[in-house]
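Here is a short briefing on strands and aromatic rings. Keep the structure open as you read.

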Amino acid sequence: MLIKQASDIRSSDITDKKVYLNRREFIRAAAITGATVATGLLGAEALSAAAKGAPHGRKLANIKKGFALNASEKINAWEDITSYNNYYEFGTDKADPADQSRNFKTEPWTVTIDGECAKKGPMNLEDVLKGETLEERIYRHRCVEAWSMVIPWVGFPLANLIKKCEPTSKAKYVEFMTFFDAKQMSARTSAIRYPYVEGLRLDEAMHPLTIMAVGLYGEVIPNQDGAPMRLVVPWKYGFKHIKSVARIRFVEKQPTNTWQDQASSEYGFYANVNPSVDHPRWSQATERRIGEFLRRKTQMFNGYGDQVASLYAGMDLKRNF
C-alpha cells in the first residue's frame with residue numbers, strides 16, 4: 001500500500017474524482033440535466049422551490065440586485081454550494097468543511113488592517129459593513145480542478161473597504177490572510193502552511209467586479225463557505241477566493257500566496273481562468289458544472305473578459321499564470 005506524506009499533498013490531488021465514480025451523484029446529475037432539457041428551465045427565474053426557499057439561517061436585510069449573468073446560466077442550488085467545498089482548515093474532502101465547521105465561531109469578528117495605509121488597526125465587522133449597501137451578485141465560480149458553480153453571492157465592493165483604509169502611494173498590492181485557530185480547526189491538514197494567504201494587485205482589488213461576500217442566497221454566509229467574510233474575484237480560479245478574512249495588508253511588493261508557495265510550478269500569483277494554459281497534470285480547456293453531467297468549454301477570464309481583459313494588456317498570460 002502506498003502512503004503519501006502530508007507534505008506531498010497538493011490542492012490538485014484532492015479532486016472531485018469521487019463525484020464521477022459515485023453512482024448516486026451520477027444519477028442525480030443525469031436527472032437534473034434531463035429535467036432541465038425537458039422543461040426548458042434555465043437561469044435565475046427557473047430556480048427550484050428547494051433552492052429558492054433557503055430557510056437555513058439568518059436573512060440579510062435590504063439587499064439590492066447587482067451583477068447577474070444571462071438567463072442561460074442556471075444557478076446552483078444551496079445544497080451544492082454548501083456541501084461541496086475546499087477549506088483545508090476543516091479537512092481535505094469536499095464534504096468535510098460542512099461537517100467540521102459547525103462550531104466555528106464567527107461572532108464577534110475582527111479584521112486587522114496594516115501595511116502601507118493611513119488607517120491601520122483592528123476593525124470590527126460592523127465597522128467594515130458600516131454604510132455599505134449589500135448586493136446580490138450572481139457569479140461563476142471556477143475551480144482549478146475543472147469544476148464550476150454559479151453562485152448568488154451577497155456582498156459589497158472591496159474597493160469601498162480599500163478606500164476606508166486610505167492606502168498610500170507605496171501600496172501596489174493587497175495581501176489577505178485567513179483566520180486560523182488550531183482549536184477550532186481541528187480537522188485541518190498539514191498539507192499547507194497556515195494561516196492561508198492570498199493577494200491581488202491593487203487595481204484588481206479595486207475592480208468593480210471584486211467583492212467581499214458576506215452572504216449567500218440572501219442569508220448570512222455559512223461557515224463552510226467562508227463566514228463571515230470572504231473574497232470573490234469571479235474571473236480567477238477558486239483558490240484565490242480566500243475565506244474568513246482576518247487580516248488585510250497593503251504592500252509594495254507582490255505577496256506570495258499559499259499555493260504559489262506550496263507548488264509554484266502549478267499555481268501562480270494571478271490565477272486568471274485561462275483555457276489555453278493547462279495545469280501540469282490536466283487540461284483547463286473544459287469544465288463540469290456541479291449538478292450537471294456533460295462538460296462545457298472553459299471561457300477565457302471565466303467569461304468576464306469584456307470587463308477585465310484590459311487589466312492584463314501586454315502581459316504574457318502563459319508566463320503570468
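Two strands pair if DSSP finds at least two bridges between them. The model is predicted. In it, 2 bridges join strand β5 (residues 147-157) to strand β12 (residues 286-289).

**Strands around β12**
- Strands β5 and β12 run parallel.
- Trp 147 stands opposite Arg 288 in β12.
- Strand β13 (residues 295-297) is joined to β12 by 3 bridges, and these two strands run antiparallel.
- Lys 297 in β13 is the bridge partner of Thr 286.
- The hairpin of β12 and β13 has 5 residues between the strands.
- Gly 291 in this hairpin takes a positive phi near 95 degrees.

**Aromatic pairs**
- The whole structure holds 18 aromatic pairs.
- Phe 67 and Tyr 304 form a tilted pair, 5.8 Å centre to centre with 45 degrees between the planes.
- This pair links distant parts of the chain, as Phe 67 and Tyr 304 are 237 residues apart.
- Phe 67 is partly exposed, with a relative accessible area of 25%.
- Tyr 304 has a relative accessible area of 1%, so this residue is buried.
- Phe 301 and Tyr 312 are stacked because their planes lie at 15 degrees, with ring centres 5.6 Å apart.
- Phe 301 lies in the loop between β13 and α10 and Tyr 312 in the segment after α10, so this pair ties together parts 11 residues apart in sequence.
- Both Phe 301 and Tyr 312 are buried.

**Cluster and charges over rings**
- Ring pairs link Tyr 87, Phe 90, Phe 104, Trp 109 and Phe 179 into a cluster.
- Lys 243 lies over the face of Tyr 87, at 5.5 Å from the ring centre.
- Arg 140 lies over the face of Tyr 304, at 5.5 Å from the ring centre.

Technical notes. Residues numbered from 1 in each chain as written. Predicted model: local features only at pLDDT ≥ 70, side-chain atom pairs only at ≥ 80, totals over all residues. Heavy atoms only, no water. Helix = DSSP H or I, 4+ residues; strand = E, 2+ residues; numbered from the N terminus. Phe/Tyr/Trp six-rings, centres within 6.5 Å; stacked < 30°, edge-to-face > 60°. Buried < 20%, exposed > 50% of the residue type's maximum accessible area, 1.4 Å probe, protein only. Lys NZ or Arg CZ within 6 Å of the ring centre and 35° of its normal.
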